[in-house]
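Me: I have a model open here and would like to go through it with you. Shall we begin with the ligand?
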Amino acid sequence: MELHLISLALGLLLLVPVALKILFPYLWLDVLFFVDIMRIFVAFVSRRRKKPAFFALDRFLEQVAAVPDKSFMVFGDERYTFALVDEQSNRIANALRAHPGYTPGDTVALFMGNEPAFVTTWLALAKLGSPVALLNSNIRSKSLLHCFNCCRATVLIAASELRNAVEEVLSFLTERGTTILLMSKDCDTPGIQGFSAQVEEASDTPIPRSLRSHITFKSPAVYIYTSGTTGLPKAAVLNQNRLLSALAVLSSNGITSKDIFYLNLPLYHTAGFIVGFIGCIETGSTIILKKKFSASQFWDDCRKHNVTVIQYIGEVMRYLCSTPKKDNDKEHKVRLAIGNGIRAEVWREFLNRFGNIQIREFYASTEGNVGFVNYAGKIGAVGRVNFFYRKLFPYTLIKYDTERDEPVRDANGLCVKALKGETGLLVSKITDIAPFLGYVQNEEQNERKRLRNVLKKGDLYFNTGDLLKIDHDNFIYFQDRVGDTFRWKGENVATTEVSDILTLSGCLQEANVYGVQVPGHEGRIGMAAATLKKDVKFDGRRMYQHVVSYLPSYARPRFIRIQDAMEVTGTFKQMKVKLMEQGFNPGSVQDPLYILDDRAESYMLLTAEIYKSIMSGSIKL
Ligand SMILES: *[C@@H]1O[C@H](CO)[C@@H](O)[C@H](O)[C@H]1NC(C)=O
């Protein structure tokens with residue numbers, strides 16, 4: 001009898017995991033995820049306690065000491081071991097120290113695309129205790145100057161192929177007494193100094209630690225530019241503490257020193273720099289660095305280098321899926337893809353086509369204080385609500401009025417939580433462990449990102465500006481961005497920045513910029529509804545010249561709609577939602593429509609025929 005009871009109890013006990021699995025199918029994954037978070041937290045805290053202080057750079061130096069001959073970076077046919085990267089960065093640092101226009105600790109702007117010198121120059125500046133502003137290598141003229149000025153850099157280091165872009169703004173830079181160093185042997189333009197020869201001749205002796213003894217965890221480490229909601233790009237500050245915690249992004253997703261990491265996103269953005277580069281410093285993986293993303297070379301590169309981990313943004317995955325099918329599509333060693341912005345249908349297609357690759361979709365932003373990762377592999381989701389995680393990082397989704405472009409508030413003036421299955425604005429409580437560091441010299445924008453009186457009077461949240469949804473199984477889905485930005489070709493476009501520039505063109509009185517969807521494309525392509533100045537005709541050629549000289553290609557409005565008068569909302573905000581819905585179909589929009597035509601170097605009248613070709617995909621945008 002007793003035996004019988006014991007075996008019954010045992011039997012029931014054995015059933016518990018099965019029952020849990022049915023009732024809470026993701027419980028085990030949720031627990032594992034939280035264990036990971038705790039492990040990261042403990043590692044982080046123990047590093048924070050080290051004396052002397054331990055920074056991201058120190059992790060790199062640990063790798064150099066431990067595995068000097070391991071490949072850290074491969075670029076084309078060039079292979080760089082940890083030791084070589086270290087030596088090369090010492091050379092740059094020593095050459096800089098000897099330069100009269102630079103003092104260790106000065107803020108330096110780095111204007112460079114993806115190449116090994118980006119990595120070695122950043123390391124050199126870290127060794128010298130200098131914060132580095134990572135300038136987008138696509139920006140030009142007014143935007144370039146703005147980005148350079150707003151972080152108060154005194155030195156500009158530029159890649160040799162960006163010489164023309166530097167020359168365009170040279171007089172403004174020299175006026176401010178900027179030291180301008182070009183990574184080429186010599187440069188005959190007055191005011192720009194060739195720097196490569198000095199680097200080659202410099203010694204590779206290590207840089208004394210004392211040069212960075214002034215650095216604390218609160219010191220700015222890098223400035224990364226984002227086009228948040230309005231205006232020109234803003235410099236988000238990432239301090240040393242943030243970089244130290246960023247070391248965990250790849251290791252916490254199971255990436256190790258044995259992995260070969262394919263880095264084809266720009267190093268001046270958070271994805272490439274923080275996730276890719278800083279992440280690999282921690283793991284000691286080998287980085288296969290690409291100048292830029294190429295869909296046609298992607299898998300050949302992966303095969304050639306035995307790549308095991310790839311990094312993506314949504315567009316990357318779509319482009320890969322839209323290349324012609326090949327017999328060897330599944331022949332590769334890629335086991336994991338990490339990134340954000342992949343759509344559910346592309347995700348399915350990707351797995352079908354390229355085989356069983358684990359996809360780690362995450363949600364995060366450069367300046368934000370909350371992030372999610374889809375550790376359960378649920379197609380389409382960016383993450384999962386995790387009870388423990390939410391205790392550490394209290395975030396919530398609140399109801400949002402897209403017409404009025406503001407959160408819904410109740411009779412007491414508090415925000416209203418969105419229900420499960422309902423789209424809401426993601427806000428995250430600003431705390432000591434989830435601080436909001438803000439943008440440099442932009443208190444107005446900082447205040448815009450802060451939201452007060454959210455759930456209680458007097459509380460303070462970070463407003464992500466992103467609309468998300470939580471389903472009944474607790475998966476989190478990204479829905480849209482609110483307000484004044486849209487994404488095109490992986491870049492954020494700030495609509496007010498574009499409209500400011502359009503109205504400088506001479507012929508436009510007002511311009512309302514927004515993004516419109518085109519079938520078969522991620523994100524939205526730029527469009528402007530504009531009014532003309534009195535007695536002025538629309539000049540497509542002049543407009544084209546203006547747009548091309550002021551805006552990077554992804555931000556140029558592809559369509560312009562000329563209206564007699566601008567419609568505004570009750571609160572005098574420009575009407576965007578209606579215009580977005582009306583789109584660019586000349587069959588239904590009565591106003592004259594123009595399309596940017598790069599071959600004709602002009603804005604041309606958008607005919608029904610052109611419209612048809614765009615919709616059928618025979619004109620590529
Ligand atoms: C890739 O792996 C294969 C077999 O595992 C090996 O023969 C080859 O040398 C590797 N290639 C590189 C670039 O490491």
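Me: How far is a polar side-chain atom of Lys333 from an oxygen atom of the ligand?
Reply: The separation is 3.1 Å, in a predicted model. A polar contact here is a pair of N or O atoms within 3.5 Å.

Me: And Asn306?
Reply: An N or O atom in the side chain of Asn306 is 2.4 Å from an oxygen atom of the ligand.

Me: Which residues surround the ligand?
Reply: Lys304, Asn306 and Lys333 do, where near means having a heavy atom within 4 Å.

Me: How much of the ligand does the protein bury?
Reply: The protein buries 31% of the 360 Å² that the ligand exposes when taken alone. Areas come from the Shrake-Rupley method with a 1.4 Å probe.

Me: What limits apply to the values?
Reply: Local features need pLDDT of at least 70 and side-chain atom pairs count only at pLDDT 80 or more, while totals for chains, interfaces and linings use all residues. Residues are numbered from 1 along each chain as its sequence is written, and side-chain values use heavy atoms, with hydrogens and water left out.

Me: Now the sheet: what is the strand order?
Reply: The open sheet of 7 strands runs S7-S6-S5-S3-S4-S8-S9, with mixed pairing. Strands are DSSP runs of E with at least two residues, numbered from the N terminus, and two of them pair if DSSP finds at least two bridges between them.

Me: Which strands stand at the edges?
Reply: S7 (193–194) and S9 (234–239) do; each has a single partner strand, so one side of each lacks a neighbour in the sheet.

Me: In what sense do S6 and S7 pair?
Reply: S6 (residues 179–183) pairs with S7 in the parallel sense over 2 bridges. Leu182 stands opposite Gly194 in S7.

Conventions:
A polar contact is a pair of N or O atoms within 3.5 Å; within protein, one must be able to donate a hydrogen and the other to accept it, and residues adjacent in sequence count only if both atoms are side-chain atoms. Helices (H or I, at least four residues) and strands (E, at least two) are DSSP runs, numbered from the N terminus.
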